[in-house]
Amino acid sequence: MSEPLTYGRYLHLDALLTAQAPLSRPEAHDELLFIIQHQTSELWLKLALHELTGACDDLAEDDLPLALKRLARVKHVQKQLIEQWTVLATLTPTEYQRFRGFLGSSSGFQSYQYRAVEFVLGAKDPAMLEVHADDPAAHALLTSALERPSLYDEFLRLLARRGHAVPEDLLRRDVRAPHHEDARLVEVFRAIYDAPEQHWDVYETCEELVDIEDNLQLWRFRHLKTVERTIGLRTGTGGTSGASFLRRVLDLSFFPELYAVRTAL
């Protein structure tokens, strides 16, 4: 380090603040908002992925307090992601049309970090690797997230090590496959929820996972409503189905038994 470390050098502001390159000609005033919205979302997703991966490692090492610390941070990151939609929602349909045609085939559907977050939470789809076959870094990240146990897998393994009756076949399942609701797990969680004082730390973890899923659903809902107010029911960029696709994914659940147990109690 031959030069003094400054704020700008530490944060690489020269690269960060020149990474916005509007494509519209003549340049549309509001395209900068669109770019910054998505760039900052990717930065928050990078941090969320970092913390979720760390929490998986903590659970594998039976360090539940540290895992809970990381999950609490993820929830704060999610709040930032949710609130960002209010800024993009100031973009009117007329303003968006002034640069939308310049976006070409690019689409938020191609966000490999968002897909990696879904993988870490357990919503795995090997077909998504093909979407990023031409991007070695993205493909490697998704392959790693696909092949390692999800956050839910690691939590179930921790519960089993603590003596909870998690079915053995769920502990030995192919972690590359998505998790599907299992009625036997509902009974495991029912025992925890029936005696929270006895199982307080894992009871708290259950609620943290529900918070994370709830926040992700709120993020998806805000995304849907922002798209609806900006382009209505039109096809999304890159040929995606737009609002109709976003409405369908609202039904995707990462931890279905943690919701089913509420009915069983």
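**Charged pairs and a helix**

Author: Let's begin with D174, which counts as partly exposed at 37% relative accessibility (buried means under 20% relative accessible area, exposed over 50%, partly exposed in between, with a 1.4 Å probe and protein chains only). Elsewhere, salt bridges that share partners join K75, E208 and D211 into one network. This is a predicted model, where local features need pLDDT of at least 70, side-chain atom pairs count only at pLDDT 80 or more, and totals for chains, interfaces and linings use all residues. Residues are numbered from 1 along each chain as its sequence is written, and side-chain values use heavy atoms, with hydrogens and water left out.

Reader: Which residue forms a salt bridge with D174?

Author: Side chains of opposite charge can pair when their charged atoms come close. The rule here asks for a side-chain nitrogen of Lys or Arg within 4 Å of a carboxyl oxygen of Asp or Glu. For D174 the partner is R176, with the closest N and O atoms 3.0 Å apart. By this rule the count comes to 18 salt bridges.

Reader: Where in the chain do R162 and D201 lie?

Author: R162 is in the loop between α9 (151-161) and α10 (168-171), while D201 is in helix α12, 39 residues apart. Their closest N and O atoms are 2.6 Å apart in a salt bridge.

Reader: What should helix α12 span?

Author: Helices are DSSP runs (H or I, at least four residues), numbered from the N terminus. The expected span is 1.5 Å times one less than the number of residues. For the 32 residues of α12 (200-231) that gives 46 Å, and the end C-alpha atoms are 46 Å apart, which agrees. After α12 comes G232, whose phi is positive, near 65°.

Technical notes: Helix = DSSP H or I, 4+ residues; strand = E, 2+ residues; numbered from the N terminus.
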